[in-house]
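Thanks for making time this morning.

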Amino acid sequence: MPYKDPEKNKVAMKVASKKYYATHKDDPDFTNHRKETRREWYLAHREQENERSQLYNETYKEKLAVRRREYDIDNKEYIKQRTLNYLASHKDTIKAKRHKYWTDYKGPLTKQKRAIFWLRVLELYGDRCSCCGEDLRAFGTIEHINGGGSEHRKKNNLRILRDVIEENDKSKYRVTCWNCHLGAHHNGGICPHKTHSTLRVKPKVVQCE
Ligand SMILES: [Zn+2]
Ligand SMILES: [Zn+2]
């Protein structure tokens with residue numbers, strides 16, 4: 001011990017190790033060894049270390065946030081480059097993520113996406129007309145049971161399918177064929193199959209439940 005006083009000794013050791021680090025920090029042998037021993041130490045003291053850093057983060061929350069912002073401003077170019085490098089080296093995973101995002105009903109609606117959405121709608125709400133049982137997809141429409149369809153379309157434009165899927169509410173929406181949908185629209189919300197079935201020119205062609 002260069003000093004008999006342990007406190008003084010501690011300070012001296014700190015100064016010496018700082019000096020050593022300053023002169024050796026570019027030596028790969030030294031930095032690798034330092035990394036390894038630090039990692040070993042961390043693994044042996046993991047819980048205690050995590051607790052300590054959690055406490056530190058909580059205590060200095062605001063200070064750390066300010067420092068992080070300053071760092072972001074000072075290193076703008078570096079961060080930009082790092083992001084670009086990341087994008088270039090993770091092309092495939094990003095693509096896969098985007099695909100998932102795309103099929104998870106986010107972003108603008110395309111023709112292709114509409115087809116996927118419709119499959120999901122048919123899965124959730126039933127794959128045939130709620131009135132007459134028509135099961136040709138080309139006839140399928142979404143009916144707003146309590147009205148408000150035109151308002152919905154105005155507000156959300158092409159996003160209507162996404163809302164229908166996300167809400168998954170059978171008391172609000174149902175799949176209805178064009179025929180029944182339009183019929184109901186002109187008949188106070190009830191399909192003429194249900195109210196006009198006795199007025200057929202030639203009865204018993206189609207029977208709704
Ligand atoms: Zn129908
Ligand atoms: Zn009908």
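What covers the buried residues of α10? Before I answer, a word on the conventions: this is a predicted model, in which local features need pLDDT of at least 70 and side-chain atom pairs count only at pLDDT 80 or more, while totals for chains, interfaces and linings use all residues. Residues are numbered from 1 along each chain as its sequence is written, and chains are lettered from A and ligands numbered from 1 in the order in which they are written.

The cover of those buried residues includes β1 (140-144), β2 (173-177) and α11 (192-195). Helices here are DSSP runs of H or I with at least four residues, and strands are runs of E with at least two, numbered from the N terminus. A residue is called buried if 20 or more other C-beta atoms lie within 10 Å of its own, exposed if 12 or fewer, and partly exposed in between, with the C-beta atoms placed from the backbone.

In α10, which spans residues 178-185, the buried ones are Cys-180, His-181, Gly-183 and Ala-184. They sit on the same side of α10, because they cover an arc of only 165° around the axis, the arc being that of the directions from the helix axis to the C-beta atoms.

Cys-180 and Ala-184 also belong to the largest nonpolar core, which has 12 residues; such a core is a set of buried Ala, Val, Leu, Ile, Met, Phe, Trp, Tyr and Cys residues joined through C-beta atoms within 7 Å. β2 and α10 each supply at least two residues of this core, and the largest share, three residues, comes from β2.

One of the core residues is Tyr-173, whose place is in strand β2. Why does Tyr-173 count as buried? It does so because 24 other C-beta atoms lie within 10 Å. Leaving aside neighbours within four places in sequence, Tyr-173 is in contact with Tyr-125, Ile-142, Glu-143, His-144, Ile-145 and Val-164, where contact means that the two C-beta atoms, placed from the backbone, lie within 7 Å.

Let me turn to a pair of helices. The axes of α7 (residues 111-125) and α9 (residues 160-167) come within 10 Å and cross at roughly 35°, the axes being lines fitted to C-alpha atoms, for helices over the stretch in contact, with angles that run from 0 to 180 degrees between N-to-C directions. On the α7 side, Arg-114, Phe-117, Arg-120, Val-121 and Leu-124 meet Leu-161, Arg-162, Val-164 and Ile-165 in α9.

Two loop residues are worth a look. Asn-168 lies in the loop between α9 and β2, and has a positive phi of about 40° although it is not a glycine; with 12 C-beta neighbours inside 10 Å, Asn-168 counts as exposed. Asn-187, in the loop between α10 and α11, counts as partly exposed, with 15 C-beta neighbours inside 10 Å, and beyond four places in sequence Asn-187 touches Pro-192 and Thr-195.

Finally, the whole chain: the secondary structure comes to 11 helices and two strands, and buried residues make up 9% of the 209 residues.
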